[in-house]
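Please keep the sequence and the structure in view while reading.

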Amino acid sequence: MTISSTNKGDSLKDARSSYFNLPPLDISEAFPQAKPASIFPPCASDYYQFDDLLNDEERAIRAKVRECMEKEVAPIMAEYWERAEFPFQIIPKLGALHIAGGSIKGYGCPGLSITGNAIATAEVARVDASCSTFILVHSSLAMLTIALCGSEDQKKNYLPSLAQLKTIACWALTEPDNGSDASGLQTTATKVAGGWILEGQKRWIGNSTFADLLIIFARNTATNQINGYIVKKDSPGLTATKIENKIGLRIVQNGDIVLKKVFVPDEDRLPGVNSFQDTNKVLAVSRVMVAWQPIGISMGVYDMCLRYLKERKQFGAPLAAFQINQQKLVQMLGNVQAMFLVGWRLCKLYESGKMTPGHASLGKSWISVKARETVALGRELLGGNGILADFLVAKAFCDLEPIYTYEGTYDINSLVTAREVTGIPSFKPAARSRL
Ligand SMILES: Cc1cc2nc3c(=O)[nH]c(=O)nc-3n(C[C@H](O)[C@H](O)[C@H](O)COP(=O)(O)OP(=O)(O)OC[C@H]3O[C@@H](n4cnc5c(N)ncnc54)[C@H](O)[C@@H]3O)c2cc1C
């Protein structure tokens with residue numbers, strides 16, 4: 001292509017080929033040898049037959065969620081991920097699964113066991129991690145906060161429609177200046193006649209751009225303690241704008257929330273949130289669920305890789321015939337088995353009332369590290385297609401990064417467990433005053 005220095009724009013246009021602006025080939029035409037993830041691979045990652053560890057109800061949830069995700073969600077997710085848009089048409093389908101509200105009993109919620117809730121989370125994440133984050137934020141953070149810290153009226157008013165996904169919620173703790181150090185949050189709540197005035201800013205809040213209800217944590221200016229509030233969509237002074245350019249969980253609409261003198265009536269203050277410690281009741285459960293996202297992601301990646309390696313041929317043989325590829329595949333499979341067992345044990349510890357914050361944090365941090373290793377191996381196995389969202393693995397690889405970071409980074413969760421086993425907290429620098 002030659003371009004003259006004069007009238008560069010016109011010359012460029014003239015120099016373009018006749019096929020310059022054609023749409024891309026459909027992936028099945030561009031790469032006929034292996035099926036993309038829109039036709040989701042069968043589950044092959046349950047090698048140690050973990051179904052045996054589940055009860056009938058949990059197995060039924062697993063089958064129901066898997067069928068819906070593979071049939072209804074898998075065909076469209078790469079496209080929405082690429083566009084970083086939320087596919088609102090899937091909300092009624094996810095609502096019909098009756099998994100929102102997870103382990104909450106009553107108020108139209110499913111009342112699943114923790115294990116059942118975890119299995120559902122993994123099955124959603126196996127096909128699409130963004131979808132599982134959407135449900136997790138709504139269900140295991142926002143709904144659970146209302147269930148554990150709300151008044152009877154709040155539970156009756158809000159939980160039934162949230163359980164059906166007729167209304168959507170988000171959960172806003174993180175702020176621009178307070179991420180890992182969330183207990184130092186600076187959004188304020190000031191008591192006025194009949195309610196409260198909220199003032200401040202939140203960042204990274206999943207679902208916030210379209211949520212009907214926003215659970216907002218703020219510092220009570222009279223007590224200096226953290227309180228929780230249910231803020232309604234379109235409240236005067238409230239805005240939530242999308243954070244652009246994410247490399248992972250692109251379907252999730254994470255927002256910057258700005259609260260400028262937002263009035264919240266007394267009846268929408270959560271009576272059970274009176275200090276930062278009260279958020280831990282919720283985080284204990286949600287951290288278990290977050291630990292199951294990387295399990296599901298790794299299952300999907302393994303399933304995809306196994307099928308791909310059998311379909312794709314090089315040097316006259318399927319990729320699955322090469323020893324190095326087989327070793328990587330088995331390393332991934334071993335990781336999935338170990339991750340599942342740790343996640344399952346975490347659920348059992350919770351169900352028997354024996355789970356500590358350290359247990360949950362170790363589960364979340366260790367599982368996400370193993371998942372990182374697993375998806376990186378998967379990404380290698382798919383060669384060039386390992387960087388394409390169409391074959392799942394690249395999307396999963398990117399989606400795991402924010403999961404490694406949210407609900408406590410790997411480091412912070414390690415420090416929570418370390419504090420428990422050593423008795424020595426090390427979150428704050430020892431010589432803070434000298435910095
Ligand atoms: C996609 C996405 C979705 C999210 N969704 C939500 C949501 O719905 N609601 C919500 O409230 N929040 C949400 N978050 C926020 C998330 O919980 C925070 O990003 C997370 O807690 C880390 O905070 P930070 O990003 O400010 O990192 P920082 O706190 O700035 O940490 C940066 C690095 O420093 C390390 N570090 C920090 N402190 C220490 C320490 N004491 N010792 C050792 N290392 C340390 C961290 O481990 C990390 O590696 C989301 C984040 C992402 C990326």
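Domain bounds are taken from an automatic or database domain assignment. The assignment for this protein gives domain 1 (50–167), domain 2 (170–275) and domain 3 (277–422). The model is predicted: local features need pLDDT of at least 70, side-chain atom pairs count only at pLDDT 80 or more, and totals for chains, interfaces and linings use all residues. Residues are numbered from 1 along each chain as its sequence is written.

**Domains 2 and 3**
- The centres of domain 2 and domain 3, taken over C-alpha atoms, are 30 Å apart.
- Their contact takes 10 residues from domain 2 and 9 residues from domain 3, where two residues are in contact if their C-beta atoms, placed from the backbone, lie within 7 Å.
- The side of domain 2 that touches domain 3 has 5 nonpolar, 5 polar and no charged residues.
- In these classes, Ala, Val, Leu, Ile, Met, Phe, Trp, Tyr, Cys and Pro count as nonpolar, Asp, Glu, Lys and Arg as charged, and the others, Gly among them, as polar.

**The shell around the ligand**
- Both domain 2 (170–275) and domain 3 (277–422) give residues to the shell around the ligand, so the ligand lies between them.
- Of the 21 residues around the ligand, Thr174, Gly179, Ser180, Thr409 and Asp411 come nearest; a residue is near a molecule if its C-beta atom, placed from the backbone, lies within 6 Å of it.
- By class, the shell has 12 nonpolar, 7 polar and 2 charged residues.
- Strand E1 (169–172), strand E3 (195–206), helix H11 (393–405) and helix H12 (410–422) each supply at least two residues of this shell.
- Helices (H or I, at least four residues) and strands (E, at least two) are DSSP runs, numbered from the N terminus.

**Annotated regions**
- UniProt, in an unreviewed entry, lists "domain: Acyl-CoA dehydrogenase/oxidase N-terminal" for residues 55–164; this span is 74% helix and 0% strand.
- The unreviewed entry also lists "domain: Acyl-CoA oxidase/dehydrogenase middle" for residues 170–262, a span that is 0% helix and 53% strand.
- UniProt positions are given in the numbering used here, feature names are shortened, and annotations may be inferred rather than shown by experiment.

**Helix H3**
- Helix H3 (residues 56–83) bends by about 55° at Val73, and Pro75 follows within four residues.
- The bend is the angle between axes fitted to the seven residues ending at a residue and the seven starting there.
- Just after H3, Ala84 takes a positive phi of about 55°.

Note on methods: Expected span 1.5 Å × (residues − 1).
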